[in-house]
Amino acid sequence: MTDLGAQVSYLVLVDGTAVYAPDSGYLGVVEHVVADERQDIFHGVIVKLPRGQDPHRFAHRDQIAALHERGVVLSVPAGQLPELSADRPAEQVEEAGDPVRLGLRRAWEWLVRPR
């Protein structure tokens, strides 16, 4: 890993920031920060993988070791991040009371919303 800069809040984390996994180094880039800013709740980030791989993964806040100016460092191997696909039915990611599932649900809703 290169110099990632100072640690930052999710509020200033920008799309396109590199994401690193402990098992494989560079994983992809931040596609979107999933948060409820009104309630100051950080759910996680949608990670866009390089071409030729499944397009997106969701990293829940509990799977993130650190947020830096120029990089997000995960605390889990890349294989532990759930796939995130626009084709995935919403009911597959909904489970009341589970914060990981709630974050995954919000990430899925962002991914499939009209742009």
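The questions and answers below concern a predicted model.

Modeller: In this predicted model, local features need pLDDT of at least 70, side-chain atom pairs count only at pLDDT 80 or more, and totals for chains, interfaces and linings use all residues. Residues are numbered from 1 along each chain as its sequence is written, and side-chain values use heavy atoms, with hydrogens and water left out.

Biologist: In what order do the elements of the protein run from the N terminus on?

Modeller: Helices (H or I, at least four residues) and strands (E, at least two) are DSSP runs, numbered from the N terminus. The protein has six strands and one helix. From the N terminus on, the order is β-β-β-β-β-β-α.

Biologist: Which residue in β2 stands opposite valine 19?

Modeller: Strands pair if DSSP finds at least two bridges between them. β1 (residues 18–21) and β2 (residues 25–36) pair in the antiparallel sense over four bridges, and three residues separate them in a hairpin. Opposite valine 19 stands glycine 28.

Biologist: Which residue in the turn between β2 and β3 has a positive phi?

Modeller: β2 pairs with β3 (residues 41–48) in the antiparallel sense over seven bridges, with valine 29 opposite lysine 48 in β3. The two strands form a hairpin with four residues between them. The residue with a positive phi, about 55°, is aspartate 40.

Biologist: What percentage of the residues in the protein is buried?

Modeller: Buried means under 20% relative accessible area, with a 1.4 Å probe and protein chains only. The protein has 115 residues, and the buried part of them is 42%.

Key
Buried < 20%, exposed > 50% of the residue type's maximum accessible area, 1.4 Å probe, protein only.
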